[in-house]
Amino acid sequence: MFSNIICLGDDMKVGLPKGLYYYYCQKWVYFFNELNVEVISYDTTKEIIELGNEIANSEMCLSMKIFLGHIKYLIDKCDYILIPNLHYDKKNQMCANFNCLYDLVNNFFNVKLLTFDNAKEIKNYLKIGKELGFNTKQIKKAYSIANIKYNKNLKKLKIENINKLNSINKKILLVGHSYNIRDKYLGEVIDLFKKFNVDIIYSDLFDDDYYFYLSKDLYWKYSKVNVSSVIYCKEQVDGIVFFTTFPCGLDSLVNELVMRKIDKPYLNLVIDDLDSLAGMETRIESFVDILEQN
Amino acid sequence: MGDYYVPAKYLLNKIVAADILVAPLITAKTIELGSKYSPDFVCTPFKYTLGTMIEALDEGANILIQFGGGCRYGYYSELQEQILKDLGYKFELLNLVTNGKANIKRIYKMIKRIDKKFNIFKGLYYLFITIKMVKYMDKIDDYIRKNIGFEINKGSFSNLKQEMLEKFTLVNNPFSLYILYKKYFNKFKKIKINKPKDCLKVGIIGELYTLMEPFSNYYLEKELAAYNIELKRFTNVTYLLLKFKKINKKALKKSKKYMKYQFSADASSNVYWTKYLCDKKYDGIIHIKSSFCTPEIGVMPILDKIANENNVPLIHFSFDANTSEVGIKTRLEAFYDMIEMRRK
């Protein structure tokens, strides 16, 4: 029985690729920090996208390519990689890509994986913590501290985000999935807005309370959040920017529906490989011009 | 989808007092219409169904029925309704499956709204017959697929099938349906075929719509049968309605080596079936899907791996609204040549 327990030094490293679920697993970063486990993750770079392109299937979406690139980049730099299988109930589904991440990586990379299935949150932490060789007491303590820190931080961000709605500048609501709009490399497009005097409100910091005003059948957890943010901010913002990677399955339907139902100026940015920003710059510039003329 | 309009029409005819309009066959014009009004990168079934809806509305339909479930399918209806309303059509769209579940109470209310005299027991009785009918159809289709490549008189299978479907629509109780099924199954068995014992065997797997709607895969099955190949296809309505959960569970158990979690839609069954086809020593596997089908794209590398390990050739076909038929034919021909050469 005891042979299963791995003795670990202080220098244990867990890789957390900065793509897809990373942004939904922020609590884990705090948790690992509490346990003194080093979390390794890098920002997306051009090199990582190219690595992803080599192994990914040609039809996979850009976010998926980025994720696979991260995995390849991380492989010899850490002891474990954390890949959860995020799924909720039937009314709160994830994109189909999230369900196959673990098996894709498990089949094609030779690396130790940590994984959990979304059961009860505390159970996941106990499972992973025990696999890393900690005892229940340590894990529970770390979990509660992580929980507090995470919630505090999230609350702060949400308040900051909503306060932007009161600013006197032009306001833009940026609608997109966290793994796209928070990504460092794809974010270069969003940085282009900073040249102009506009405030950007992020859609992923809202709750999913309002989506049914616009869509009754919607069953994707994070699309609900996006749609709710549109409903919530519709009156106060000057324009809406949809930020999508090509070819995102959820956004292809949901964004189209939202665009058809709102009467605000909007810009639909679909990003494939980001080779030059010049084209994007022109479009963003003219969009901001339109907003200022309104 | 294929011949399944027959049982669907039968069911609706029996339980609802309304004119049932079978959507016209899909043509190139349907696809053109569909793609014109669809978003850029939705998967192809969306375009097909939207095109069919527009054509049906043009012919005077005012109630449309849409199923949903699985991956993106579940969300089709809402967007399609919006698109059609923006185009100025007046109609009602009934979505039978919402949030991945078929809510019987909701469906009952919907039907009640169309036809006030609707009787639930009558409805259930005919639903039972329809499900039986679909089951028999699938069984016969399986037999046809195995043998159609070797028929001596061209068209004898498809003619007999047409005849059978016409007879099926006249049935009123499950017992006579069963007798009809037995009778026609015997007739099918009597059709003369010239089948060698070691014929080439190919399994077809993939995404459900593209598999079941022959137009969307450019009659791939017919094409294959012309090469004298025995075909095996798993996906049919019986599987979707009755066996879906069971097979998914079985898939997780049997192919533990390749997958730990269940994938969405048909993806996990496809992994299992690939394994099955490899174990049964099939000569080749054809994986077809519509382009941008997310669940299938995710598992494609895994399917490749299984096929590689078992040394079975596997080919992927991705169908879009404007895929050229000639390109598909060339690839299919090359694939056929390859599996034939491997035999030798």
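**Close-up views of a two-chain model**

**View 1. Where chain B touches chain A.** In this predicted model, chain B places 38 residues in contact with 29 residues of chain A. Two helices of chain B, α4 (73-86) and α13 (294-310), are the elements that each give two or more residues to the side of chain B that touches chain A. Look for α13(B) to begin with: the largest share of this side, 9 residues, comes from that helix. By residue type, the side of chain B that touches chain A divides into 19 nonpolar, 13 polar and 6 charged residues.

**View 2. The domains of chain B.** Here we stay with chain B and look at how its sequence is divided. The domain assignment gives domain 1 (17-117), domain 2 (119-195) and domain 3 (197-344) of chain B. Taken over C-alpha atoms, the centres of domain 1 and domain 3 of chain B are separated by 28 Å.

**View 3. Domain 1 meets domain 3 in chain B.** Moving in on these two domains, we find 13 residues of domain 1 of chain B in contact with 15 residues of domain 3 of chain B. On the domain 1 side, α2 (28-37) and α3 (44-58) of chain B each supply at least two of the residues that touch domain 3. Which of the helices gives the most to this side? The answer is α3(B), with 4 residues. The residues of domain 1 of chain B that touch domain 3 of chain B comprise 8 nonpolar, 4 polar and 1 charged.

**View 4. An open sheet in chain A.** Now turn to chain A, where 4 strands form an open sheet with parallel pairing. To follow the sheet across, read the strands of chain A in the order β6-β5-β7-β8. At the edges are β6 (198-202) and β8 (266-271) of chain A, each of which pairs on one side only. From one strand to the next, the twist averages 25°.

**View 5. A strand pair within the sheet.** This view picks out β5 (residues 170-175) and β6 of chain A, which pair in the parallel sense over 5 bridges. For a handy landmark, find K171(A): its bridge partner in β6(A) is D199(A).

**View 6. A helix packed on the sheet.** Helix α11 (residues 278-293) of chain A packs on the sheet of the previous two views. This helix touches β5, β6, β7 (239-245) and β8 of chain A. The direction of α11(A) makes about 170° with that of β8(A).

Key. Residues numbered from 1 in each chain as written. Chains lettered and ligands numbered in written order. Predicted model: local features only at pLDDT ≥ 70, side-chain atom pairs only at ≥ 80, totals over all residues. Pairing = 2+ DSSP bridges. Axes fitted to C-alpha atoms, helices over the stretch in contact; angles between N-to-C directions. Contact = placed C-beta atoms within 7 Å. Domains from an automatic or database assignment. Nonpolar A, V, L, I, M, F, W, Y, C, P; charged D, E, K, R; others polar.
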